[in-house]
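The exercises below are to be worked with the sequence and the model side by side. Each task is followed by a solution in steps.

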Amino acid sequence: MDVIQITTEPASGSAGSATATAFSPMLSGLVYKVVLRYGGSPPATTNVKLSDSNDPANESIVNVTGNAEIVLYPRRAMTNSAGTNLTFNGTQIVPTPYPLHGSLRLSLSASNPGVTVSATVYLLRG
């Protein structure tokens, strides 16, 4: 397992709408765990997204709003060849980690100037 940390530069813009972005080096594997930590004074409206910059569907691995440090184990629904979610019993999805083959993109929006976010990503290398 690899542990990667990405931190944005301080957000720029006006209060409540400041933004920042950061990219990791090229990576490949499955995202197992993500820890988000904030620097500065983020408002409760702060939105953080983490995605694979090479994903043509631009699917978010993490998409959270708030200002509390958080530990996440992001999973998506496994699908069949027709794109239908697979379930255990007709209602509970079969979860699978997010695949990654590219740079992680960490973005911060709807925040205050000077706020940063750090994402510590635990990656199962493939």
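**Exercise 1.** Locate Thr8 in this predicted model and decide whether Thr8 is buried or exposed.

Solution. Step 1: Thr8 belongs to the loop that runs between strand 1 (2-7) and strand 2. Step 2: the relative accessible area of Thr8 is 4%. The cut-off for buried is under 20%, so Thr8 is buried. Step 3: with neighbours within four places in sequence set aside, the contacts of Thr8 are Ala20, Thr21, Ala22, Leu106, Leu108, Val115, Thr116 and Val117.

**Exercise 2.** Take Val117 from the contact list of Thr8 and describe where Val117 lies and what Val117 touches.

Solution. Step 1: Val117 is a residue of strand 8, which covers residues 116-125. Step 2: its relative accessibility is 0%, so Val117 counts as buried. Step 3: not counting residues up to four places away in sequence, Val117 touches Ile6, Thr7, Thr8, Leu36, Arg37, Tyr38, Val48, Leu106 and Leu108. Step 4: one of these partners, Thr7, is 110 residues from Val117 along the chain, yet their C-alpha atoms are separated by 5.7 Å.

**Exercise 3.** Treat Leu100 in the manner of the previous exercise: find its strand, its accessibility and its contacts.

Solution. Step 1: strand 7 (residues 95-111) contains Leu100. Step 2: a relative accessibility of 3% makes Leu100 buried. Step 3: leaving out neighbours within four places in sequence, Leu100 is in contact with Leu27, Ser28, Gly29, Val31, Asp52 and Leu123. Step 4: for Val31, the C-alpha to C-alpha separation from Leu100 is 6.9 Å, and the two residues are 69 residues apart along the chain.

**Exercise 4.** How many aromatic pairs does a search of the whole structure find, and what is the geometry of the rings of Tyr32 and Tyr73?

Solution. Step 1: the search returns one aromatic pair. Step 2: the ring centres of Tyr32 and Tyr73 are 5.7 Å apart and the ring planes stand at 85°. Planes over 60 degrees apart count as edge-to-face, so this pair is edge-to-face. Step 3: Tyr32 is in strand 2 (residues 18-39), while Tyr73 is in the loop between strand 5 (70-72) and strand 6 (75-77); the pair links distant parts of the chain, 41 residues apart. Step 4: Tyr32 is partly exposed at 32% relative accessibility, and Tyr73 is partly exposed at 45%.

**Exercise 5.** Which residues form a nonpolar patch on the surface together with Tyr32 and Tyr73?

Solution. Step 1: the patch consists of Met1, Leu30, Tyr32, Val71, Tyr73 and Leu124. Step 2: together these residues have about 540 Å² of accessible area. Step 3: Val71 comes from strand 5 and is partly exposed, with a relative accessible area of 46%.

**Exercise 6.** How many salt bridges does a search of the whole structure find, and which parts of the chain does the pair Asp2 and Arg125 link?

Solution. Step 1: the search gives two salt bridges. Step 2: in one of them, the side chains of Asp2 and Arg125 meet at 3.1 Å, N to O. Asp2 is in strand 1 and Arg125 in strand 8, 123 residues apart, so the pair links distant parts of the chain. Step 3: Asp2 is partly exposed, at 27%, and Arg125 is partly exposed, at 48%. Step 4: the side chains of Glu59 and Arg76 also meet in a salt bridge, at 3.1 Å, N to O. Glu59 lies in the loop between strand 3 (47-52) and strand 4 (60-65) and Arg76 lies in strand 6, so this pair ties together parts 17 residues apart in sequence. Step 5: Glu59 is partly exposed with 29% relative accessible area, and Arg76 is partly exposed with 25%.

Conventions:
Residues are numbered from 1 along each chain as its sequence is written. This is a predicted model: local features need pLDDT of at least 70, side-chain atom pairs count only at pLDDT 80 or more; totals for chains, interfaces and linings use all residues. Side-chain values use heavy atoms; hydrogens and water are left out. Rings of Phe, Tyr and Trp (its six-membered ring) pair if their centres lie within 6.5 Å; planes under 30 degrees apart count as stacked, over 60 as edge-to-face and the rest as tilted. Helices (H or I, at least four residues) and strands (E, at least two) are DSSP runs, numbered from the N terminus. Buried means under 20% relative accessible area, exposed over 50%, partly exposed in between (1.4 Å probe, protein chains only). Patches are made of residues with over 30% relative accessible area and no salt bridge: like charges are joined within 9 Å, nonpolar side chains (Val, Leu, Ile, Met, Phe, Trp, Tyr) within 5 Å. Accessible areas come from the Shrake-Rupley method with a 1.4 Å probe; for residues, only the protein chains shown count as cover. A salt bridge is a side-chain nitrogen of Lys or Arg within 4 Å of a carboxyl oxygen of Asp or Glu. Contact means heavy atoms within 4.5 Å.
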